[in-house]
Amino acid sequence: MSDSRPNQALALELRGIDKRFGDVHANNNINLQVPKGTVHGIIGENGAGKSTLMNIIYGFYEADQGDILVGGQICHIPNSREAIAAGIGMVHQHFMLVDNFTVLENVVLGAEDGAMLNVSLRKARKELQRLAHEYQLDVPLDATIDELPVGLQQRVEILKALYRGAKVLILDEPTGVLTPQETDHLFRILHSLRDQGVTILLITHKLREILAITDNVSVMRQGQMVGHVKTSETSKEELAELMVGRKVRLKVEKQDATPGEVLLSTEKLTYTDSRGVDMLKAVDLEIRAGEVVGVAGVSGNGQSELMEVLAGILEPTKGEVKIGSNRITADTPSSAKLVREMKVGHVPEDRLSMGLVKNFSAEESAILGIQEQPRFNGQWLSKRKDITEYCQGLMEEWDVRPRNPKLRSSLFSGGNQQKLIIAREVDQDPDVLMIGQPTRGVDIGAIEYIHKRIIDMRDQGKGVLLVSVELDEILALSDRIIVMFDGQIVGEVAADKANERILGMMMANVIPDELKQADTAGEAL
Amino acid sequence: MNNNKLPAWINVLLLPLLNLALALAVSALVFIAVDVNPLDAAQLMIEGALGYQEGVGYTLYYATNFIFTGLAVAIAFSAGLFNIGGEGQAYIGGLGTGLVCLLLGPSMPFWIVFPVALLAGMAFGALWALIPAYLQAYRGSHVVITTIMFNFIAASLMVYLMVNVLKPEGEMSAVSAVFESNAHLPMMHDILGWFGIDFVRSPLNLSFFLALAALVLVWLLLWHTRWGYAIRALGSNPTAATYGGINPKRLTVIVMLISGALAGMLGMNEVMGYSQQIRLGFVSGYGFTGIAVALIGRGHPIGIFFASLLFGILFQGGNELSFEYANIEREMVEVVQSLVVLFSGALSLMLVKPVEKIYLALTASRANQANTQEA
């Protein structure tokens, strides 16, 4: 960033952006130059300040210091309306769409002109058809949002931004909810946008995507920009090192598995939710001692329900679960407490809404699920000192920071919360450990450690069920992979035969040719 | 309960005091509007509530009621349940206490009547909370709606019982017979008399100590037992509680039973302590005021103690005020109480943002000074 001349070819420039929240220095003297018509990646761990920076650009926060230049002009952006006026558009991680409105209505919402809705709708339809044609962004304009798959919903968000005249498009973790195929499609769209002169700012923590699509990358760490590199001149390893500030091993070292007896199995397991929708349809699966079974799938295809039924939180509608010599069916009572007593550990997918209680202290969250064990309780009163010591011990072993058992759970970073939850479940020495999204929102340094501990569990002869939307993670850790679609198991692949393409097809309920033969061979048995 | 960036002393002490000050400031305007000097009125209220022994006695006697009903609301709230039915539960609880006093009073000694009356009050109050609790837990009817409806049912039921069953023949008003003397709770002036301390006659009685014990027990239960852990987990995050092996339905019922029992203890003070007979409408709004007490006390027993004291002062001081001034009706005093509820309860978050801003500005400038000094 030695070049400080005003540059007409820059779509967006940040000069010395600074933002504090109380004691937290979220953005520290951030400089950034994004040339027109490029895809610029911003990468960094959770809490590195990416979101704060984007929110400043989009007018949700105001910077304490520094300037934002759009197209070479200093812009004051106190709110998102000004950002839109300056030609900045944003596609949020969680879509901001009205489910029961049509695509057209969603695009127009907030950008109506005139008192009569019909007039704006007619105008918008024409304009959208032009945009869709220009950028290959085909979306059925009269479909309501809830009829559309996630990939198309995202396209609606992009259209919304373009309709408002966005020249700079910010995408915040856009691929989190997409299948690999949908991701590819998104990338094609982004390329065509770029070729038409739109500038794209892509925020992500996925190194692979950065390398696949961006022209330049900026890396953030602890509120600072620690590097700007050309994508063509860098590597995963270099970026990871920049993000974390030290060398990181990205591959998980592991031996081949030696599966033993079946520890947990299901037979025709079916779960119907309160709306009457079958979220699990006759699922058969087995978890053996000494193996990691990965469950892949686009989120919302029954993985969460599978975990919760197995954990005793939801009751099956039909079929049964066998855990050792115990059975859980629709007729037997089941609860999280009972399943825990059967030596099944459960790290839930959503740690904030299930794994811990946000306004409990860390030590209270550290005994969630085991709060009734005699070691934490006298006859009447709880043994507060023993609980503190227990939490302290877990924190030492798993390097949870800050090491303060009295601190409110919500004040720990995602990675440290997750370590505390996994620590709690692993410490119970379960026979089967179910673990959902073990590294969602967790920084790279902690991911490395969590992965190592999961493999350690396997090597100690435990059965591990791993549910994750990160295919990289599934591929790196699993010995067998099952793929779920619409509440059913589409198929199973041995880890050494699996790759992203195969899993991606199965996630969209297509059986790849190379598996079909294996299937018929299986049926012949 | 708070997710702001302020230190505890501001949240617990400064904010409630600011809210209270604001409420009193607006009350002052109301007094000015009816040509009463607000400073004189304030002085009279304080002196009436705390200035002499009988006043103190009345203040603590009212506070006793508020501690019971405040705790009832608070414990339900810590499990995420809004029990609006303290009024009805206290009413039916008082009926239980009164019935025991009427039935056992003539034949049994005090040391039997007292525990049985206490337990009966708690059981009747709990019973009155049971049906709404069950409906909430297993049938999904919202406890706010059902407990409100049960207040009305309790009121009608009591009218029927008082007029048709409990009223002795020849009695003109809707009251029961007066209990035998061995079914009277010892009054505070008697208790203190045993220790040689002179205290003027007031309605303050033994149940004040029951209320203090209830405060301590609820505090222990919530923060020092596994059951309290479960209750607070359920209140903060029901999903996590279920994950933690807690049965939310069963616990909902149990917590409502405890809540109803606490409200039911009000009868010890009002029925067995003060009036020594069952009177129509003896709860007279204490159950509803308990909601405000719990809100202002932030659901914590220490807070509830002080909030109860505050409302005791407002009640007693307010009574003195309406005696003294011809143009101040009982309703005027209720306006003051309502303003306190409004500012401390409903608008309690109003001042959080500005105070947070000021606090952050102050700490930031201090941090800057420290930085420049270091440099």
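Predicted model: local features only at pLDDT ≥ 70, side-chain atom pairs only at ≥ 80, totals over all residues.
**Entry 1: helices in chain B.** I looked up how α1(B), residues 8-33, lies against α15(B), residues 330-346. Their axes come within 8 Å and cross at roughly 145°. I noted the crossing of α1(B) past α15(B) as right-handed. On the α1(B) side I listed B:Pro16, B:Asn19, B:Leu20, B:Leu22, B:Ala23, B:Val26, B:Ser27 and B:Val30. From α15(B) the contact takes B:Val335, B:Val336, B:Leu339, B:Val340, B:Leu342, B:Phe343 and B:Ser344. I sorted the residues of this contact by type and got 12 nonpolar, three polar and no charged.

**Entry 2: strands in chain A.** I then went to β14(A), residues 318-323, and checked its partners. With β11(A), residues 262-272, β14(A) pairs in the antiparallel sense over five bridges. In this pairing I found A:Glu267 opposite A:Glu320 of β14(A). β14(A) is also joined to β15(A), residues 326-329, by four bridges, and these two strands run antiparallel. Here A:Ile323 stands opposite A:Asn326 in β15(A). The hairpin of β14(A) and β15(A) has two residues between the strands, and I noted a positive phi near 55° at A:Gly324.

**Entry 3: chain B against chain A.** How many residues does each chain bring to the contact? I have 17 from chain B and 25 from chain A. On the chain B side, the elements giving two or more residues are α8 (207-224), α9 (226-236) and α10 (238-243). By type, that side of chain B divides into six nonpolar, nine polar and two charged residues.

Key
Residues numbered from 1 in each chain as written. Chains lettered and ligands numbered in written order. Axes fitted to C-alpha atoms, helices over the stretch in contact; angles between N-to-C directions. Left-handed = near helix turned anticlockwise from the far one by under 90°. Contact = placed C-beta atoms within 7 Å. Nonpolar A, V, L, I, M, F, W, Y, C, P; charged D, E, K, R; others polar. Pairing = 2+ DSSP bridges.
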